[in-house]
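Open the structure in your viewer and keep the sequence beside it. The tour goes from one selection to the next.

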Amino acid sequence: MLLDFAQRADGERRQITVLMCDVVGSTALSQTLDPEDLHELLADFQRVCQEAAERGGGYISQFLGDGVQIYFGFPRAHEDDARRAVACGLDILQGMEQLNHAAARPPGARLQIRAGADTGRVVVSPVGTGARRENIAMGDAPNIAARVQAVAEPDTLWVTEATWRIAHEHFHGEPRGEHELKGVATALRLWRVTEAGGLESGLGRVDMRTPYVGRGREHALLASHWAAAQAGAARYVTLRGEPGIGKSRLVAEFTRQFVNDDIVVLAASCTPYAQNSAFLPVTNLMVHRLGLDRALAADERLDCLEARLAELGVDAPDAPPLMAALLSIPSGERYPALEISPVRQRVRTLAILVDVLHALASRHPTILIAEDLHWADPSTIEFLRLFVSSVRELPLLGLFTARPEFQPAWPSGDAAPLIDVSRLDDDEVESVVRNVAHGKRVPGEVLREIAQRCDGVPLFVEEMVRSVIEGRVVEEHELSWELTSPFRSGLIPASIDASLMARIDRLGDARATAQLGATIGREFSHSLIQLISGRGEQVLSEDLERIIDAGLVWKTGSGASALYVFKHALVRDAAYESLLRRTRQACHARIAAVLQEHFPDIAAEQPELIAHHLSGAGNDEQAIEFWRKAGQRALARTAMREAAVHFQRAIGSVSRLPEESRWLECELDLQNEIAPVLMTVQGWGANDVRHACERARELATRLSRFDKIYPPVWGLWTYYFLRGEMDEAATTAKAVLAMAEATAVPMIRITGRHATAYTHLYRGEFEQAVQEADAGLALFDLEQERLLAATFQLSSSVAVRTARATALWMLGHVDEAREERERMVRLGRELAHTPSRAAALAFQLHSGLCFGWHDQEVDEQLQVADELCTLSKDEGFVLWHAVALTYRGAALAVQGHATQARSQIEHGLEEFVGTGARLTLVPMNAMCAKAFMLMHDDERAWQLLEVAQAEANARNERMWEPEIDRMRAAIQFRRGDAAGAEASLRSAMAKARRQKARSLEEWVERDLRDILV
């Protein structure tokens, strides 16, 4: 059975923290001490290490004579393994110090140790035979931990940056700079951990580094309960949500919003370490609020306790002795013995605690915070139940946080509501990503991957972005981050890996079923996993119920038709990544075979699913066929983004096969299929477009398949054109036209005229643009155009009509231009081809510049921009989304919405440049300059005009160039520089006349008359 095979697998992949401790100078000790004395010393050292490891949940892998290696995260992960490892290291240092002072040692027998730790992904597997069989971690972490230990100073604990980054909130430490470690390729930054401390609990532990996003609904609910509390009706709100959802941040932000000198905040926090420590969160709160400094002598603390109880009006005779006992303050014979039973003593202690907290909260409006109640000890829960049930008339708001499995021990209702904290939506996720990325745009594919895998959990989003940046998947540029290496699908941030694995390890024997489900995918059916596992129905059902009870999956339906869905993509990834590669491959192979044999409908309708499992099994040869079929099915549904992914994976599979002619031919076809898809999704100026077209041209030449060389050459023209490389575009357009005409195929000939008409247009050669457009439109046929659009993922006739309309307007034929523009818009919709429709909307925005900024035109532009923005977001059209956002901002500026306008213009221009496109930056910057002038920001407008002119000069993009000087003149005139304005207008006039741009010339003449008058 497959599950049995998975369970018998010799090892598993895990992230662990390795703690390495070693005795300093053991060789010298062996030369000075009697062997028996040395043995006792090392036995004491090993005992201290073993006790510390057991307290922290560590696994001692090896006693190495004078060294000890301890794993945290194996055989069972905890949410805070790195913290446990560091705490264990400090515990060992302290234990050795106590041992050295307490024991009678032979002269010179004081033991010194060094400790080092590192966190990383390893394979843990048993090695050896028989009684000598041990679980050993293989990977960088054990070696690095040993090397870190070797450079540490005696009686200190040093850790790597990888460990410190995860655990630093709970400790104090000192940087020790970068060190070259033996056997490690790059220098590592190390830290010396000095003591425990840092942000243990309460609001201070909340990460406030990034701007706060979302939570409008939750804040509104909390504000209403706070208003009721301030009016004297106590409210106790339990905020429930999964780990990382932002419960603590919500509490911290809400509290920060309302706290002032008249508001009291009482904060307590539960931890997994104190689940069996009665009342610990409450006693910590009391010690802090009553001012009972633990450094004071017992009598002084008792004096302070009595004074504070009297001040609060808690005057019951048994209050001081019971509180002293609860707070572990020795009272000796200060109080007479209480003649009550243990049960009665507990009841009285609870009542006094209620009285003390009531008194603390009665003098000022109070916010009582109790965090992580899912870890609370039973006594703390009992106290809260009593307090919530009995204290109702008080200006108090209780804010309690817990995970979804927590059920309050007190009745819920208006006074004690439950609020489930929701996940962030896609827009909010994008805001979080941008905030972590220093306010800069990240590549669209990275953003989509993060949104898909992090499921709206803020912590996951933040840590995933940091992992992407620190892993150098992206590179920082002035305005954005650019992709430098593929985004690895299995990437799990080290900071949350342990938390995810801890949930999986708690499954026990059901863990193997979860891993198999994860190998199937984010969701899996009962019937499929039963066939694959080969496990009995009862055992499998019990496993699945345990997985559901653990909160890892949702279940819909029942019986064989039941469907299971992992609640988090990252939990699924963690379960999957814990399997060894050969185990995963065996599982994938079995899944692919079962799907094809028993679920032919799924295999036919979801070829990408079969392809995924064949690729996972290492069967690239068969996977190619299914990936290609999946890409073609996605194209048929105009699901361009999905098509791009499927074709790219097919190309990836081909790249792993021998360079035989059949596979090179296959890759040529795939490159020709993916290139137009990439043009639509990423924009024609994207580097991926160039790479696909160049590779296809290279393969066509190499294989002498000149019948397949036209599409990549045409694609290269689009690349040069959209990049604004007008000279290169003009040369390539001529070659494209010659090749197109040589085919004598009307559909291909139109694409050739598309290239030449558009190139002439943006070079400011309007008469030639009209001639080329007319030659192309003479070949138009609607059914032929549908085929063309499906082949090239863009209607050339839509583009040619746009070029003709714009050129006609420039030449002064305004009415004819308007009619042509309307024909273009109608054709874009009539084709029923989503990419062509998007392009038509974008061309409608661009050509709308010709028809002025009248109210009717602006309203129309805004509607078009809204439609294109929505369509682009839904379909993943990055270039068109940037265009829509920019034009929408300009339209809002005309309507007087300055704040929105400014934000959308800046973001739109930034997104546009991020696609690699440069074409249209001249008119777009000129248009945006006018928008900023309307917002009375002439300085920013002037900057944009400078950018526009620089683009025109660098790329020979001359269309709309006269507008740059006309806009400059308007700013100069407003500044009182009439002479400068006149000079700019005369420059604009000269440029317009050279281009025969009669309409622009008329605009300049009008402005010139106004200035001269």
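Which helices do the buried residues of α25 pack against? They pack against α22 (581-598), α24 (607-616), α26 (640-655) and α27 (661-682), where contact means heavy atoms within 4.5 Å.

This is a predicted model, in which local features need pLDDT of at least 70 and side-chain atom pairs count only at pLDDT 80 or more, while totals for chains, interfaces and linings use all residues. Residues are numbered from 1 along each chain as its sequence is written, and side-chain values use heavy atoms, with hydrogens and water left out.

Select 620-636, which is helix α25; helices (H or I, at least four residues) and strands (E, at least two) are DSSP runs, numbered from the N terminus. Among the buried residues of α25 are F626, W627 and L635; buried means under 20% relative accessible area, with a 1.4 Å probe and protein chains only. Just after α25, select T638, which has a positive phi of about 50 degrees.

Next, go to the open sheet, where five parallel strands run in the order β10-β11-β12-β9-β13; two strands pair if DSSP finds at least two bridges between them. Select β10 (264-269) and β13 (418-420): each has a single partner strand, so one side of each lacks a neighbour in the sheet.

V264 is opposite T366 in β11. Finish with helix α9 (residues 280-289), which packs on the sheet and touches β10 and β11. The direction of α9 makes about 145 degrees with that of β10, using lines fitted to C-alpha atoms, for helices over the stretch in contact, and angles from 0 to 180 degrees between N-to-C directions.

Key. Expected span 1.5 Å × (residues − 1). Buried < 20%, exposed > 50% of the residue type's maximum accessible area, 1.4 Å probe, protein only.
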